[in-house]
Amino acid sequence: MKKSLLTLLAVAAMSTTALAADIKPALVYGTGGKFDKSFNEAAFNGAEKFKKETGIAYRDFEPTGDTQGEQAIRNFASRGFNPVVAVSFAWTSAVEKVAAEFPDTKFIIVDSVVDKPNVRSVLYKEEEGSYLVGILAGMASKTGKVGFVGGMDIPLIRKFECGYEQGARAAKADIEVFQNMTGTTGAAWNDPVRGGELTKNQIDQGADVVYAAAGATGLGVLQTAADNKKLSIGVDSNQNHLHPGSVLTSMVKRVDLAVYNAFNDTKSDKFTAGVQSLGIKEDGVAAAMDENNKPLITPEMQAAVDKAKADIIAGTVKVHDYTTDNACPK
């Protein structure tokens, strides 16, 4: 009896090891670099958290162009990696093709929808998080003028801008909002010099708070605002620490959760396909508050953000989503 029990325990241990070995996570970033201190780095942090907790390694790849992204996704799938996470709307067509070729592999795409039985699509309600930081911008502005610098000119980034504008107007009805997009190609995510130029132009027009939603390009926005003694707002990751006392807040988009959950759900055999939409209620987006921006946030500002969050969750405030009609209410 004792021998049988030991045998069963040994078999169970081997089964657990085999199951863990079957999980070979892979991650393909968007263009702009892994350590952009923004979108891609949030994905990296989610993967690192999984690795630290489980001891299971993962592979990742930093594409510099659209062709490389598709090649990496297909390469990971063909080598038995599972799940494969594609962190960018830019990989939509790639995931559609490769997921069909590898029906037994689980795929996750962030910021886009791919309707396949083996694909999880993770979307965010960026308009809700941007509304919160817009309220803070409107309340912090002394000139009544604020700015927005986006990366690639696409509906997704217009969604950030529109939510921000709605929040700023909720705080100050007659506020003026300047906006610029960095470019129309993937290079727009990694051009901090151009981000700085656009920010300086907005500051010269009177903007004293500028929100960046531009990947690594946003680093130039934050730097230029700090150099000119103005306030900035970071995005995706918490960027408050980059220029303490100058970054008013950051619109945190929990891309780390999408990656961590994808890896963990696959490991636990709890993976589900379909669309997930993460907003304030789901802790998918937020306005970052920490020791770095605490001196900039008055009790009135904190109360306004708390009320807006409660109202959005209750449904009494509905933030318009630009992507539903490609328009932003004035």
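Mentor: A residue counts as buried when its relative accessible area is under 20%, and as exposed when that area is over 50%. The model is a predicted one. By that cut-off Phe-44 is buried, because its relative accessible area is 16%. Phe-35 is exposed, because its value is 52%. The structure holds seven aromatic pairs, and Phe-35 and Phe-44 form one of them. Their ring centres are 5.1 Å apart, with 80° between the planes. Planes over 60 degrees apart count as edge-to-face, and the pair of Phe-35 and Phe-44 is edge-to-face.

Phe-76 and Phe-81 also form a pair, with 5.2 Å from centre to centre. Their planes meet at 70°, so this pair is edge-to-face. Phe-76 has a relative accessibility of 5% and therefore counts as buried. Phe-81 counts as buried too, because its relative accessibility is 8%. Phe-81 also has a charged neighbour: Lys-24 lies over the face of its ring, 4.5 Å from the ring centre.

A lysine is placed over a ring elsewhere as well. Lys-49 lies over the face of Tyr-260, at 4.5 Å from the ring centre.

The remaining item is a group of rings. Phe-50, Tyr-58 and Phe-263 are linked into a cluster by ring pairs.

Note on methods
Residues are numbered from 1 along each chain as its sequence is written. This is a predicted model: local features need pLDDT of at least 70, side-chain atom pairs count only at pLDDT 80 or more; totals for chains, interfaces and linings use all residues. Side-chain values use heavy atoms; hydrogens and water are left out. Rings of Phe, Tyr and Trp (its six-membered ring) pair if their centres lie within 6.5 Å; planes under 30 degrees apart count as stacked, over 60 as edge-to-face and the rest as tilted. Buried means under 20% relative accessible area, exposed over 50%, partly exposed in between (1.4 Å probe, protein chains only). A charge sits over a ring if NZ of Lys or CZ of Arg is within 6 Å of the ring centre and within 35 degrees of the ring normal.
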